[in-house]
Amino acid sequence: MLRSIDTLIGFVTVLLVLSLVVTVLTQIVANFLRLRSRHLRDGVLDIFRQLGWGFVGGGAEFLAHKIVRSKDAITREDLIETLLFLAQKPSAHQVYSELKDKIAVLAPGFDAPALLAHMRRTALELSTERPDLAAAVIRSTAIARSPAAGLASEIFGVFDPAMDQASAKFTAQSRKLVAVLGIAVALALPLDTLDLLQRLQRDDTVRNQAVELAQTVAPDDDVRVAVAKLRAADIIVVQSTRTEWLARWQQVNWAGVAISALLLTLGAPFWFHLLKDLLKLRSAVAGQESQDRALRQATVSDLPPVGSVSGEQGDLGAVG
């Protein structure tokens, strides 16, 4: 029983480490393509649409780009302060004057520099009076107590749904990217699931090294160290040349590689939670087997030694 569990633990550990590699690659590609910033900009555009803020030409896209720039996230308070800051810019671009007019409808007679100074002063007073309040609460309260309260109420009403939708789209695109890169990693090694399971079941050394790694690996660890340990134990083999890679493809089972590709698309969180459950199960099974072993040893020690049986004994050599 314990041997089978260790085999599964070793197998899941390999998939977890390779899934972490896929996660790192996904982050690199997402940052290069600026996917998070793009979806954040789409969220800001959705807020403009829900507010009914139409801008001439590509003014909405221009303004959303100015608001987001290279940010990965934005809060409601950040958005309001940024809008007030942009509204006081010189009218070199028509969108700034349009933005100023739209804010003026919700905050009549507003003066952007005065509003920003008022909100910051109020936030400072609140932080002094109520140091127990969170920074986000202090900022939102300061905005609510300013002449920009009308603007805040409109933006607060549409902000969360718009950003939730943008986040959901980013998550869906990230999962597609994980699936593509997971398949790419499985093909690049190539990783044969069937061969890996057989080696873990057959080789005690390989299996024990994988189990040892399973007890120390964590999602925030340096994935290069975990990969190096798997390579050192010959659990995974990274081909260094095209010739070796082609030769490796002659040895593996294509069905096993296809299964590996599908399993890697599940993502690192799935394998990490599964590994934790298996380690808990292993601990319980190991404890039970230890108790059973101690019980058997105690039972054997209570038996009388061989040759010490008392009572009448017949002569086996007698002839009747």
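Let me start with R34, which at 40% relative accessibility counts as partly exposed, where buried means under 20% relative accessible area, exposed means over 50%, and partly exposed is what lies in between, with a 1.4 Å probe and protein chains only. R34 sits in the loop between α1 and α2 (35-51), and its phi is near 55 degrees, a positive value in a residue other than glycine. Helices here are DSSP runs of H or I with at least four residues, strands are runs of E with at least two, and both are numbered from the N terminus.

Before I go on, a word on the basis of all this. This is a predicted model, in which local features need pLDDT of at least 70 and side-chain atom pairs count only at pLDDT 80 or more, while totals for chains, interfaces and linings use all residues. Residues are numbered from 1 along each chain as its sequence is written, and side-chain values use heavy atoms, with hydrogens and water left out.

D234 also has a positive phi, of about 60 degrees, although it is not a glycine. D234 is found in the loop between α11 and α12 (242-251), and it is exposed, with a relative accessible area of 52%. A further backbone feature is the peptide bond from L189 to P190, which is cis, with omega near -20 degrees; P190 belongs to the loop between α8 and α9. As background, most residues other than glycine have a negative phi, and most peptide bonds are trans.

Now the overall picture. The protein has 14 helices and 0 strands, and buried residues make up 38% of its 320 residues. If we take contact to mean heavy atoms within 4.5 Å, then residues 24 or more positions apart account for 80% of the contacts with a separation of 6 or more.

Which residues touch the most other members of the largest nonpolar core? They are V17, I235 and I236, in a core of 45 residues, where a nonpolar core is a set of buried Ala, Val, Leu, Ile, Met, Phe, Trp, Tyr and Cys residues joined through side-chain atoms within 4.5 Å. The elements that give two or more residues to this core are α1, α8 (149-188), α9, α10, α11 (223-232), α13 and α14 (268-302), and α1 gives the most, with 13 residues. Leaving aside neighbours within four places in sequence, V17 is in contact with L213, V217, V223, A226, V227 and L230.

Let me turn to helix α9, residues 193-202, in which T193, L196, R199 and L200 are buried. Seen down the axis of α9, these buried residues fall within an arc of 130 degrees, so they line one face of the helix; the arc is that of the directions from the helix axis to the C-beta atoms. The buried residues of α9 pack against α1 (2-33), α10 and α13 (254-264). T193, buried at 4% relative accessibility, is in contact with F11, G256, I259, S260 and L263, again leaving aside neighbours within four places in sequence.

In helix α10, residues 204-214, the buried residues are V206, R207, A210, V211, L213 and A214. They cover an arc of only 160 degrees around the axis, which puts them on the same side of α10. D203 caps the N-terminal end of α10, with a side-chain oxygen 3.0 Å from the backbone nitrogen of T205.

On a 1 Å grid over the protein atoms alone, a cavity is a set of points where a 1.4 Å probe fits but cannot get out, a pocket is an open set with protein on both sides within 12 Å along at least five of seven lines, and lining residues have an atom within 4 Å of a point. The largest pocket is lined by 19 residues, of which T23, V178, G267, A268 and P269 lie nearest its centre, and the largest share of that lining, 7 residues, comes from α1. The largest cavity is lined by residues including L189, P190, D192, I235 and I236, and α9 gives the most to that lining, with 3 residues.

Technical notes. Polar contact = N/O pair within 3.5 Å; in protein donor to acceptor, adjacent residues only side chain to side chain.
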